[in-house]
Each structure stands twice: as C-alpha cells, then as structure tokens.
Amino acid sequence: CFGFPLSIFFIVINEFCERFSYYGMKAVLTLYFTRFLRWDDNFATAIYHTFVALCYLTPILGAIIADSWLGKFKTILYLSIVYAIGQAVLSVGSISELTGGTASNLAPNIALSMIGLILIALGTGGIKPCVSAFGGDQFEEDQERQRGTFFSLFYLSINAGSLLSTLITPTLRATECGIHTKQECYPLAFGVPAILMAVALVVFVIGSKMYKKIKPQGNIMLEVSKCVGFAIKNRFRHRSKKFPKREHWLDWASDKYDKRLIAQTKMVLRVLFLYIPLPMFWAVFDQQGSRWTLQATAMDGDFHFEKYLLFSHVHLPQIVNPILIVIMVPIVDSVLYPLIKKCKLNFTPLKKMTVGMFLGALAFVAAALVQVQIDKTYPVFPAAGQAQIKLINVGEIPATVQFQPQLDSVNIAPKTETGYMIYEASKLQSAHISTAILNKTVPLDLLKKERYTLAFKWDSPNISSNLIWDNITSKPENGKSLVRFINSLSFTVNVTMGDTEFGELDPLSVTNYSFVPKPDGSYTINVSTPEVACTAVSKKFGYGSVYTISLDYCVSNQLSITYFEDIAPNTVHMAWQIPQYFLLTCAEVLFSVTGLEFSYSQAPSNMKSVLQAGWLLTVAVGNIIVLIVAGASTIDKQWAEYVLFAALLLVVCFIFSIMASFYTYIDPNEIEAQFSEEEKKEHKKDQDDNEKEADSRM
C-alpha cells in the first residue's frame with residue numbers, strides 16, 4: 001500500500017492507541033498525586049520520575065525476551081495484556097469510594113495505584129523496544145527510504161495519540177463524579193486510557209497474519225556479555241609487551257568467538273558509547289510532565305477559548321508539544337531535510353541530535369525566565385519573630401489607626417483595606433482606632449509567623465472590631481482559589497455561593513476560607529434571613545487568589561459587596577510557557593526522532609531490540625538524574641534549578657558533539673552480507689577439501 005507493507009498500518013494504529021493510553025494517564029498523574037493522594041510537590045515529582053524511569057528501565061527486559069526467546073510479536077502480545085491490566089487496576093485504585101468517600105484512609109487507593117503503575121511500567125517498557133523494531137522488520141533491505149518514512153510516521157502516531165489524550169483526559173478529570181462526595185473524576189480519566197489499551201491489543205492481534213515475524217536467535221545478550229567478558233579477560237592475560245597488539249580490544253575474543261559476533265558486538269558498543277551523554281537530554285525533556293506542570297499551576301490559565309474547547313487550564317501549554325510534533329515532523333521530514341540536502345550541507349543524524357540538545361538547554365533557560373516573573377508575584381509572608389496585620393474598614397466613615405507603642409499611623413477610607421504590614425510580633429501591643437466621632441483601642445496578641453486581619457466599622461453608638469487570624473501560610477497550590485465572607489450588615493444572615501454553603505454569619509464575623517470550584521467562573525452569592533433574601537453575581541476570582549468579601553447592603557433583593565484581596569491572583573499568563581514548549585518540541589524532533597532511526601540503522605539484524613532498549617535506557621537514566629539532582633540540591637529557587645539543568649545540558653551537548661565527530665557511520669546489512677559471503681566461501685572450500693580427501697582415499 002503506497003509502497004509500504006500493509007502490516008505496518010496495524011503497527012502504527014496500535015502505537016497510536018497505546019500512546020493515547022500512556023500519555024492520557026501520564027497527563028493527569030502528577031495532579032492525581034497532589035490533589036487526590038494529597039502528596040506534596042517534591043514527593044509527587046519524585047514518584048512521577050521514578051515511574052517514568054521504571055518505564056524506561058524495563059525495555060531491557062523486553063528486548064532480551066524478544067531477541068532471545070519469544071520473538072517480538074509474542075513479547076508485544078503478552079506484555080500488552082499486562083499493560084491493559086495495569087491501566088484497569090490504576091483506574092479502580094482512583095475510586096474514592098474504596099475508603100467510603102473519606103480522605104482519612106487512602107491506603108487502599110495508594111496500594112492499588114502503585115500496583116497499577118508497576119504493571120503499566122512493565123507493560124509499556126517491555127513493548128517499547130519491540131514495537132518500533134518490529135515495524136522496521138517489515139521492510140526489505142532495499143526499502144531504506146520507506147523505512148525512514150515509517151519511523152517518522154511512527155513518531156507522528158505517538159504524538160497524535162499524545163495530542164488527543166492530553167486534550168481529552170484532563171477534561172475527563174475536570175468533571176465531577178462520586179457517590180459519597182463529588183470530586184475530580186480520576187476513575188474516568190484513567191478508565192478511558194485503559195479502554196484504548198485494550199483497543200490497541202485487539203488491533204495488533206487482527207494484523208497478526210500479515211506480519212513478517214523474525215525468529216529469535218538465542219540469548220544474544222548473554223552471548224554479547226560473554227564475548228565482552230572473554231575479550232577483557234584475554235586482554236588482561238596477554239598484557240605483556242611480548243604479545244602483539246590487536247586492532248581492537250574486542251579482537252582478543254577471536255580465540256573463542258566467531259568474527260561475525262565480534263563485529264556485531266563492536267557495532268553495538270560503538271553506539272552504546274555514544275549514548276553515555278544522552279540521559280541529560282531526557283532529564284530536561286521529561287520535566288515538562290512534572291516541574292513544568294507544577295509551574296503552570298502558579299500561572300494565570302484563563303484562556304478565553306477554553307470554555308468552547310473544554311480544556312483544563314493546567315494542561316493547555318502541554319498540548320503545544322504534540323500539536324507542534326504533528327505539524328513539524330512531516331514538514332521537517334519532507335521539506336526541511338531535503339532543502340538542507342539540496343544546499344549540500346552534511347546534516348548527519350548525530351549533528352541533528354547535537355542541535356536538539358542545544359535547543360533543549362534553551363528551553364530550560366526560557367522556563368527559568370518565566371519562573372523569575374512568577375516568583376515576583378508571590379506574596380511575602382512573615383519571617384521568624386514577625387507577624388503581619390492588615391486593616392479593613394468595612395464602615396461608612398474614614399478612620400486613622402495608630403499601632404502602639406508609638407509605631408505606624410495609617411489612614412484608611414471607608415470600604416478599603418491596607419496591604420499586609422510586617423511588625424515584630426513582640427513589639428506590637430495594640431491598635432488605636434480614631435474616627436471623627438469615636439475612638440477605640442484594640443489589644444493585639446499576635447503569634448509569630450502568622451497573618452491577621454483587623455476588621456472594624458463605626459456601628460452607632462460604638463466602633464465594632466474583629467481581629468481575625470487568617471490561617472494562611474502560602475499561596476494556594478495547583479491554581480486553586482479561596483474565598484471567605486465578612487458580614488458588614490447589622491443582622492445575622494445565611495450565606496451561600498454557588499453550591500457552597502458558608503452557614504450563618506453574625507455581624508462582623510467571618511467565615512472560614514473555602515475553595516472556589518472554578519476560579520475562572522462566576523457564582524451567585526445568596527444572603528438570606530427569614531424575612532429577606534438578596535443576591536449578587538461574583539466576579540471571576542482568578543487562579544491562585546484569596547479574597548475576603550464584605551456583605552455591605554441588601555436593597556430591593558440586590559446585594560452590594562466589596563472585594564478585599566488577601567492574596568493576588570496569578571498574573572503571569574500561561575501562554576508565556578509556549579516558547580519553552582516550542583523550543584523543547586524542536587529539540588525533540590531533532591533529537592528523539594533522529595535517535596530512534598539512528599539506533600535501528602546502526603544495529604546488527606539480531607540486536608535491533610537490544611539497541612532500541614539501550615536508547616530507551618537513556619530515558620530511564622535521565623529521570624534518575626532528575627531524582628538525584630532534585631533530592632540532593634539545596635537550591636531554594638526553582639528558576640535556579642532550571643538554570644542548573646540548562647547548564648548541565650549545554651556541557652553535555654559540547655561533549656557529545658566531540659564524541660560524534662569521531663563516529664563513523666556503517667551499514668550493518670553490508671557488513672553482515674560480507675560475513676555471509678565469507679562463510680559461504682569457507683563452507684564451499686570445506687566441501688571441496690572434503691571431496692578431494694574422499695577422492696584421494698578412493
């Protein structure tokens with residue numbers, strides 16, 4: 001079909017469904033850890049990268065099984081079943097009703113989730129090196145161009161699945177479900193990827209009669225290991241100068257192993273040597289699913305088209321990566337590379353990978369610049385020995401507040417507030433409130449490292465006041481917003497906002513803070529007494545904000561309210577993440593797509609999966625690097641950590657460019673054909689010798 005084996009279309013469709021399953025689950029995994037399992041950011045990041053590392057360590061196991069025992073087809077089939085079971089277990093583990101709908105005991109959810117993730121890691125990792133290599137096996141030796149196009153098409157299917165899943169599963173997560181309590185619907189967000197994995201398995205089985213299945217050739221990994229071990233041992237035995245040197249240290253294995261195996265081992269080791277610096281790229285790349293996702297939660301995610309496309313605000317920048325991949329892979333493959341070739345520029349695969357690493361470093365520089373702007377918007381909280389206090393005048397006349405003993409004096413107009421002011425907690429004793437009519441002294445007994453709000457109003461014939469402990473020590477996480485109400489009316493009211501009930505509220509008393517379900521939405525605020533009811537429509541609170549809302553008047557069923565900003569909403573828009581995603585996508589096209597084909601093209605015929613597994617192993621090591629750096633680092637500022645990773649990748653990029661300059665490209669098929677020809681000649685010579693010997697005996 002179009003010059004391609006028909007079987008590869010089943011492989012591409014299978015890969016699309018499998019990648020939808022994997023990336024769909026992965027798109028909400030970090031938020032599942034932080035919001036459902038209630039793990040802190042650092043622990044969630046550690047578990048996330050541990051899982052990803054495991055997904056890229058298990059390819060070694062899959063490659064050994066495929067190339068040594070079961071073959072690629074059966075390995076993909078059996079491990080896909082394990083994979084589908086893992087997705088189903090994870091979906092079940094995210095059901096809140098396992099613990100009766102309470103968050104006090106999440107042990108069953110955690111246990112099932114971890115079992116599911118381990119099975120997924122075993123399944124997805126085990127089939128990773130086999131699927132692409134199995135697709136490459138479907139082509140004949142003279143179909144090199146078609147095979148190169150297949151790898152681009154294969155990568156395109158990966159990112160098409162990633163794109164759709166990154167759009168769909170966050171939307172499913174954002175829906176509410178549950179029997180006892182309504183909350184984010186992770187069972188549905190994980191359940192749909194589980195269904196797609198089952199579809200991938202069915203599609204793969206349907207095409208089974210069309211596949212070209214190459215039989216495994218024994219435990220090749222064991223043979224290679226023995227060959228390397230014997231060469232090292234034999235070289236050590238003959239280290240004396242009286243023994244002549246050999247062209248390559250592996251040639252010392254020729255005393256026991258045939259030349260073909262030695263040559264194949266040389267091919268593999270030359271490529272594996274080049275892989276040594278590559279994990280640093282993946283250490284950078286895979287942080288888009290952890291650190292960059294968490295960075296997005298501290299940004300303004302109000303995209304105006306979101307309500308039409310049903311996107312989740314946390315994941316909007318992430319769709320830039322798969323969208324650009326889907327657009328750029330065909331353009332780069334059919335336009336850019338041919339254009340470079342026409343300009344007679346020798347843009348080799350290793351040069352492409354070097355440029356990709358450089359762009360990856362630039363992406364993290366861009367992320368650091370965005371983080372610097374985010375950090376500027378964070379509120380300042382009291383340090384050790386300090387306390388913060390804010391004044392709110394909810395009354396109708398201006399006032400002057402003098403902090404005692406003989407500290408600052410603040411003028412405050414009606415229905416206004418001051419910002420949070422920092423004082424030494426032990427020195428601040430009282431606040432003297434003066435109006436044109438009355439004066440009042442309010443004693444202050446402030447705890448260290450805490451925030452307070454002093455609300456007051458002239459309430460004839462007295463000045464009423466309330467010192468409120470704010471009980472907030474950080475900006476709300478995950479882009480959430482908080483709101484509370486203060487009753488400036490002269491009578492007790494019952495307060496609701498949307499579906500949230502705040503209960504009865506006495507004059508000048510304050511409710512507890514409650515989460516706003518959707519910070520970019522508006523809600524109906526309802527204030528009622530047995531005699532009267534008033535309503536007002538709230539403004540959009542914005543992501544990461546904290547507000548105190550004053551209930552001022554109730555006239556003709558219309559409620560008048562005043563907003564007091566305790567913590568400002570996120571002001572750095574999420575669109576500023578797009579440049580870093582664009583740079584990282586360009587890096588991925590040059591590095592990952594090229595590396596995938598390079599690994600296949602430079603591998604001997606019986607070690608395709610092994611070398612693919614070696615390529616994937618670099619991803620695992622990259623995620624382990626993230627764990628080590630994030631765990632051992634004493635860097636407090638996130639932007640500095642981004643700069644550290646960018647600097648490390650630049651250093652590695654320079655080292656890799658030097659290593660690549662010494663690499664000589666080979667054609668494994670040509671080399672193996674030469675050995676086959678030599679073996680035929682030797683076999684014919686042996687036959688001729690045997691015939692001559694038989695003739696002489698006669």
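Okay, let me start inside the protein: the second largest cavity has a lining of 7 nonpolar, 3 polar and 2 charged residues. Keep in mind that we're looking at a predicted model. This cavity holds about 40 Å³ of space. Among the residues lining it are Asn393, Glu396, Pro398, Phe456, Lys457 and Trp458. And which strand gives the most to that lining? That's β10, residues 451-459, with 3 residues.

How do we find such spaces at all? Rolling a probe the size of a water molecule over the atoms shows where empty space is left. Counting those of 30 Å³ or more, this model has 3 cavities.

The chain is divided into domain 1 (1-218), domain 2 (258-377 + 573-666), domain 3 (380-474) and domain 4 (475-569). So which domains each give at least three residues to the lining of the largest cavity? Domain 1 and domain 2 do. As for spacing, the centres of domain 1 and domain 4 are 44 Å apart, taken over C-alpha atoms.

On to the rings. There are 38 aromatic pairs in the model. Take Tyr32 and Phe33: they make a tilted pair, 6.2 Å centre to centre, with 45 degrees between the planes. Buried or exposed? Tyr32 has a relative accessible area of 0%, so it counts as buried, and Phe33, also at 0%, is buried.

Compare the pair Phe230 and Tyr257: the ring centres are 6.0 Å apart and the planes sit at 70 degrees, which is over 60, so this one is edge-to-face. Phe230 is in helix α9 (residues 220-237), while Tyr257 is in the loop between α9 and α10, 27 residues apart. Phe230 and Tyr257 are both buried.

Last stop, charges over rings. The charged end of Lys352 sits over the ring of Tyr337, 3.7 Å from the ring centre. Arg451 has its charged end over the ring of Tyr420, 3.8 Å from the centre.

Terms used
Residues are numbered from 1 along each chain as its sequence is written. This is a predicted model: local features need pLDDT of at least 70, side-chain atom pairs count only at pLDDT 80 or more; totals for chains, interfaces and linings use all residues. Side-chain values use heavy atoms; hydrogens and water are left out. Rings of Phe, Tyr and Trp (its six-membered ring) pair if their centres lie within 6.5 Å; planes under 30 degrees apart count as stacked, over 60 as edge-to-face and the rest as tilted. Buried means under 20% relative accessible area, exposed over 50%, partly exposed in between (1.4 Å probe, protein chains only). Helices (H or I, at least four residues) and strands (E, at least two) are DSSP runs, numbered from the N terminus. A charge sits over a ring if NZ of Lys or CZ of Arg is within 6 Å of the ring centre and within 35 degrees of the ring normal. Domain bounds come from an automatic or database domain assignment. On a 1 Å grid over the protein atoms alone, a cavity is a set of points where a 1.4 Å probe fits but cannot get out, and a pocket is an open set with protein on both sides within 12 Å along at least five of seven lines; lining residues have an atom within 4 Å of a point. Grid points are joined across faces, edges and corners, and a volume is the space filled by probe spheres set on the points. Ala, Val, Leu, Ile, Met, Phe, Trp, Tyr, Cys and Pro count as nonpolar, Asp, Glu, Lys and Arg as charged, and the others, Gly among them, as polar.
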